[in-house]
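Student: I have a structure to read and would like to work through it by asking questions.

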There are 2 protein chains.
Amino acid sequence: MSEKIAVSSRADETPPSGIVAVVKHGRGREGLIPLWSGEGDLPTPAFIGEATTRALEAGETFYTWQRGVPELREALSRYYARLYAEPVPAERVFVVGSGMQAIKLSIDLVTSPGDEVVYLTPAWPNFPAAAGVSGARTKAVPLTEENGAFSLDADRLAASIGPHTRAIFVNTPANPTGWTASREDLDALLELARKHGLWIIADEIYARYYYGEGERAPSFLDVAHAEDRILYVNSFSKNWSMTGWRIGWIVAPEAVGQQLENLIQYSTSGVAPFLQRGAVAAVEEGEAVVRENIARAAHGRDVLCEALLATNRVAMAKPAGAFYAFFAVDGITDTMAVAKDIIDRAGVGLSPGVAFGPGGERFLRACFLRDPRQMKTAAERLADYFSAL
Amino acid sequence: MSEKIAVSSRADETPPSGIVAVVKHGRGREGLIPLWSGEGDLPTPAFIGEATTRALEAGETFYTWQRGVPELREALSRYYARLYAEPVPAERVFVVGSGMQAIKLSIDLVTSPGDEVVYLTPAWPNFPAAAGVSGARTKAVPLTEENGAFSLDADRLAASIGPHTRAIFVNTPANPTGWTASREDLDALLELARKHGLWIIADEIYARYYYGEGERAPSFLDVAHAEDRILYVNSFSKNWSMTGWRIGWIVAPEAVGQQLENLIQYSTSGVAPFLQRGAVAAVEEGEAVVRENIARAAHGRDVLCEALLATNRVAMAKPAGAFYAFFAVDGITDTMAVAKDIIDRAGVGLSPGVAFGPGGERFLRACFLRDPRQMKTAAERLADYFSAL
């Protein structure tokens, strides 16, 4: 290792991901069942890759539209028409290089250095870290937790809004907690944003992984207008087994299109056109893939949550959405150390709660979007481990 | 068009690309020869796409190493070993989502909001724009221009360094001017950086497009040590006809690896592994592709530059590197208007000098990496247009 060379304070203060830390600890272990990432175990379906191959063979390898190829923006518009009452014209859709980039660009679009964003915790660590890279300050507002069940206290959120607040980041269904905003929650959040002239960055990446009634979780699209200051961030990763592809999208008010295009231009300058052809195939022909993934998650949720609850050692509610069990275990406080020990001794990869900010420290996160037999084995291993504590 | 909605000042102040402006004016015109972008007309060679297809078929569609797959980092290390005296171990190589992202991440690594970077103009507009998005200030230092030939005045650059300066951005060979740092220039720049404790962001994307002696332009690798504060940014786009792929890389001091990995994590979280397999094929088996592209550019340079010089209306030197003719024309001042008129009346797409900052306003840029017959036609059209002024 070389000696220290001074980098910027922003780079120096940006923490490593606590999720990546456990992945590095356990990557390549034989027999390990990795539930640490937000990723299923199925590769991308062949028809999606084939559409990409055809585009490659057709020579679609040049610079392309900064906002995304028109066919993909139109396909996503039709996807919204199928699932949501609120129409989303293609002009409001912007294709970007991952859900992560959708979040990063949204932060840049609505904050300047020194501005503040409030967000609900426990949260996926990449949101506050990305805001920090952009020079924005973040204020964590913990969800209310009772015996492992999380809920929104809108008054607490309201009280956190200050003179520098520019936006509220809302991830629903939420990673890692599974908290899913009700229609009333969404109304309250939107009212708050309108009252204070704030943006909402609505991370609805897990919208389809919803275990209540209907085909998807409640959405800001159900309560907002097209002109509301809302940026919907989304990704191909979870729905269509495309985590490795790095394609996401943003739905934005049409009026900010040029500014958003500029931010795309000066960060990565668009997404490979041949990848976008695969994404078109996913959206247009991939509904069965989404349903299969949802069914896998629903099954994994039952298997894992029931095994954990049966130990009588955990505080947890079966999550209303997303695909994680997020649970506290009697007697466990140092979750980073325990996550590594579980890798070493139980052969299961979990993420430590410390990675997810205020309110999550005592918890562990397990992704349950996985092969049913592996989920059963993982559940048994974890139950044995916790019962032996 | 919807009414204006307030975005952040950073987004509001980020200008649209002046290159994109002309592309939007002319895209889809029948018979137009587009020389406006930094892009050749050859699609990616089939063997590169085939390597990607094989990886897709093998299911390499999951999250992957944030720094890039080891095989690609090692292939790039071998690439440096073939072309440069200074060895570059794989540990110093970071795969990112485009040359543009290599620049953006480098800015984030070495500046915090309010810090300053000096750079040489005329310049590719995306560098100062990306710095602005990051909250960094930029100070333009014009190259010295004499009858269309550009050179470095190191004293002028030295005089621009102030208390907030953190880095010098050096693009050599340069887009759009073709200016190529000599070994003496590189020594002077490095000495300046060492003296003031500054970083150098060395954009050597056009290193192979060099019309002097040897296989590549002089590089900071020729004069620096592995521990110098230099970030080398590079891209697959130009060498291997992969503009649309959005893959680039950074060579950094090993000591800053974790911080750079964090910035990758919180911007786009890595590059699709199956794309990286295509990139491995390009580096390992694509030297003939690079040589063909260089030969095309060398021929296009002769055809275009000689036709323009023969009009006796242009100020221009044949560029020492990169693949652009950058020239001023007697009587032309509003280059944005003229670039659009040339699209409309001459059927050739050029970029306007105003897009490239101080010192470039009177110039026009033409990419000459293109089919020889098209280059001949374009050169004739431009010569006719300028001669008729």
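Tutor: What follows is a set of questions and answers on a predicted model.

Student: What is the bridge partner of A:V314 in strand 12 of chain A?

Tutor: Strands of a sheet pair through backbone hydrogen bonds. Strand 11 and strand 12 (residues 324-329) of chain A pair in the antiparallel sense over 2 bridges. In strand 12 of chain A, the partner of A:V314 is A:V329.

Student: How much area do chain B and chain A bury between them?

Tutor: The size of an interface is often given as the accessible area lost when the parts come together. Here the contact takes 84 residues from chain B and 85 residues from chain A. Of the buried area, 56% is on carbon and sulfur atoms. The area that chain B and chain A bury is about 6600 Å².

Student: How far apart are the closest N and O atoms of B:R10 and A:D108?

Tutor: The rule finds 4 salt bridges across the interface of chain B and chain A. B:R10 and A:D108 form a salt bridge, for which the cut-off is 4 Å. Their closest N and O atoms are 3.8 Å apart.

Student: Why does the salt bridge of A:E116 with A:K139 tie together separate parts of chain A?

Tutor: A:E116 and A:K139 form a salt bridge. A:E116 lies in strand 3 (residues 116-121) of chain A and A:K139 in strand 4 (residues 137-142) of chain A. The pair therefore ties together parts whose separation in sequence is 23 residues.

Student: Which residue does a cis peptide bond join to A:T121?

Tutor: Most peptide bonds are trans. The bond at A:T121 is cis, with omega about -5°. The other residue is found in the loop between strand 3 and helix 6 (126-133) of chain A. That residue is A:P122.

Student: What is the phi of A:S241?

Tutor: Most residues other than glycine have a negative phi. A:S241 is found in the loop between strand 9 (230-235) and strand 10 (248-251) of chain A. Although A:S241 is not a glycine, its phi is positive, at about 55°.

Notes
Residues numbered from 1 in each chain as written. Chains lettered and ligands numbered in written order. Predicted model: local features only at pLDDT ≥ 70, side-chain atom pairs only at ≥ 80, totals over all residues. Heavy atoms only, no water. Pairing = 2+ DSSP bridges. Helix = DSSP H or I, 4+ residues; strand = E, 2+ residues; numbered from the N terminus. Contact = heavy atoms within 4.5 Å. Buried area = accessible area lost by both parts, 1.4 Å probe. Salt bridge = Lys/Arg side-chain N within 4 Å of Asp/Glu carboxyl O.
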